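Thanks for coming, everyone. I have one model to walk through today. Have a look at it first, and then we start with a single side chain.

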Amino acid sequence: MKKLFALSAVILMLCACASSQKSASSSSLSPELVAYMKQRAALISTMRPTAEKDETYGYTKQNPILAGAPQGAEAGITKAKIFLEQYLRDWDGLPFTVTRAGNVGNVNGDGIIDQYKLTRVRTGRSIYVYVNSYKEDPSGNMRAPKNMHYLPDADTKQIYDEALNAFLQGNYASATEGFIKIEDKTPLAALHLALIDHKDEPKAFSFYQKAANMGSPNGYCALGSMYMRGWGVKKDFKKGFDIDLDCADRLNESLAQAIVGGEYFQGAEVKKDLKKARAYAEKSAMQGAMPGISVLVAVNMEEEKYVDALAWAMFADEYLQDPFNLQDKPDFFTPEEVEAARAKSAKLKEDIVFDKRHITKR
């Protein structure tokens, strides 16, 4: 019990505990998590894209991206590479590093299906998509798989890339000028404008709403925190929580999962439920998201599962340079607990890619 009292003030990044008592029910969201929520457009996990409703489009060889061209297969292959390398974007709005992995044969009798490896430049995580360069989409247009963005034309791409480059360099005036030109053509522009204007809460809310209205799940998810906290809109906790719950469950959005888990952990505006808090926090933490790890550490500490708490803290420690100040508190754990936690942490590092998007704000 003494261990819980002492460590609660140090390790619970999620909670700012009001006293040294065992109960954490009176705790509130920490400034760190509030910052994550308020600037969630800066966290790439919220950059959830496109309104594509087909769950398998592009992700299975039976339902590949249709990149065919009237000029034939060679033109289709070129078209596919240009689309994947230049027009398709990850949830951060950044291009992928594209590698052709090979072909998987003639699956549906419509031509050879190629497999491509798409690597996100910010996280190093890779996903695989399938492309049919022989068959053209009936609409005549390319479509992005679900949870990806695409830029609709060359002019939009040029303006967007110039604005994004200015944004990443901190030249927000120039970035704003560019994004405004294309805010009706891609939700990515509205999302970046919301980030630039995040201190002007009503304005930021309007941009998130615009992105959501354009079919962007990331704009939709961002509205959850805005409603929950009354940022730029009349506070409606239930409406915001329901949005975050939907994003956590349906979209597997790691920050929404951390926020929902945090709400169940603190028990302020929803009934405290450690079982649900753990379930959502684990989903987020397993995606390598620091906010989810913070909630999970808090849950483990409250349930006195010290080895698990320390294992997750060690996992984050390698990337954040002692985020829970454990190096300054060497006597909180027994040698046996430290050894067991070290083994668990090593396994976590084998299975999980730490999501640096949550610690590097653009």
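**A buried lysine, and what lies around it**

Lysine 157 is buried, because its relative accessible area is 17%, and the cut-off for buried is under 20%. Please keep in mind that this is a predicted model. Lysine 157 sits in helix 4, which covers residues 154–168. What does lysine 157 touch, leaving aside its neighbours within four places in sequence? The contacts are Gln86, Tyr87, Arg89 and Leu151. Take tyrosine 87. In sequence, lysine 157 and tyrosine 87 are 70 residues apart. In space, their C-alpha atoms are 7.0 Å apart.

Now step back to the whole chain. The protein chain has 362 residues, and 52% of them count as buried. It holds 14 helices and eight strands. Take the contacts with a separation of 6 or more: residues 24 or more positions apart account for 62% of them. The chain exposes about 15700 Å². Carbon and sulfur atoms supply 50% of that area.

Look at strand 6, residues 112–120. Seven of its nine residues are buried, so strand 6 is largely enclosed by the rest of the structure. Strand 5, residues 96–106, runs antiparallel to strand 6, and eight bridges join them. Two pairs to find on screen. Glycine 102 is opposite glutamine 115 of strand 6. Asparagine 103 has aspartate 114, in strand 6, as its bridge partner. Strands 5 and 6 form a hairpin, with five residues between them. In that turn, glycine 109 has a positive phi of about 75°.

Then strand 7, residues 126–132. Strand 7 pairs with strand 6 over seven bridges, again in the antiparallel sense. Here, threonine 119 is bridged to serine 126 of strand 7.

On to the helices. Is helix 6 enclosed or open to the outside? Ten of its ten residues are buried, so helix 6 is largely enclosed by the rest of the structure. The buried residues run from Pro187 to Ile196, with His192 among them. What covers the buried residues of helix 6? The cover includes two strands, strand 4 (88–89) and strand 8 (149–150). It also includes helix 4, helix 5 (172–181), helix 7 and helix 8. Helix 4 is where we found lysine 157.

Aspartate 197 is in it, between helix 6 (187–196) and helix 7 (201–213). Aspartate 197 counts as buried, at 18% relative accessibility. Beyond its neighbours within four places in sequence, aspartate 197 is in contact with Lys203, Ala204 and Phe207.

Now a helix pair. Helix 8, residues 217–229, packs against helix 9, residues 237–250. The angle is about 150°, and the axes are 7 Å apart. That makes helix 8 roughly antiparallel to helix 9. The crossing of helix 8 past helix 9 is left-handed. Which residues meet there? From helix 8 they include Tyr220, Cys221, Leu223 and Tyr227. From helix 9 they include Phe237, Phe241, Ile243 and Cys247.

Two last residues. Serine 284 lies in helix 11, residues 274–285. Serine 284 is buried, with a relative accessible area of 0%. Not counting residues up to four places away in sequence, serine 284 touches Ser254, Gln257, Ala258, Ala289 and Gly292.

Lysine 349 is in helix 14, residues 335–351. Is lysine 349 buried or partly exposed? At 32% relative accessibility, lysine 349 counts as partly exposed. Lysine 157, where we began, is buried at 17%. The C-alpha atoms of lysine 349 and tryptophan 312 are separated by 9.8 Å. Along the chain, those two are 37 residues apart.

That is the tour. Over to you.

Key. Residues are numbered from 1 along each chain as its sequence is written. This is a predicted model: local features need pLDDT of at least 70, side-chain atom pairs count only at pLDDT 80 or more; totals for chains, interfaces and linings use all residues. Side-chain values use heavy atoms; hydrogens and water are left out. Buried means under 20% relative accessible area, exposed over 50%, partly exposed in between (1.4 Å probe, protein chains only). Helices (H or I, at least four residues) and strands (E, at least two) are DSSP runs, numbered from the N terminus. Two strands pair if DSSP finds at least two bridges between them. Contact means heavy atoms within 4.5 Å. Accessible areas come from the Shrake-Rupley method with a 1.4 Å probe; for residues, only the protein chains shown count as cover. Axes are lines fitted to C-alpha atoms, for helices over the stretch in contact, and angles run from 0 to 180 degrees between N-to-C directions. Angles under 35 degrees count as roughly parallel, over 145 as roughly antiparallel, 65 to 115 as roughly perpendicular and the rest as oblique. A crossing is left-handed if the near helix is turned anticlockwise from the far one by less than a right angle, and right-handed if clockwise.
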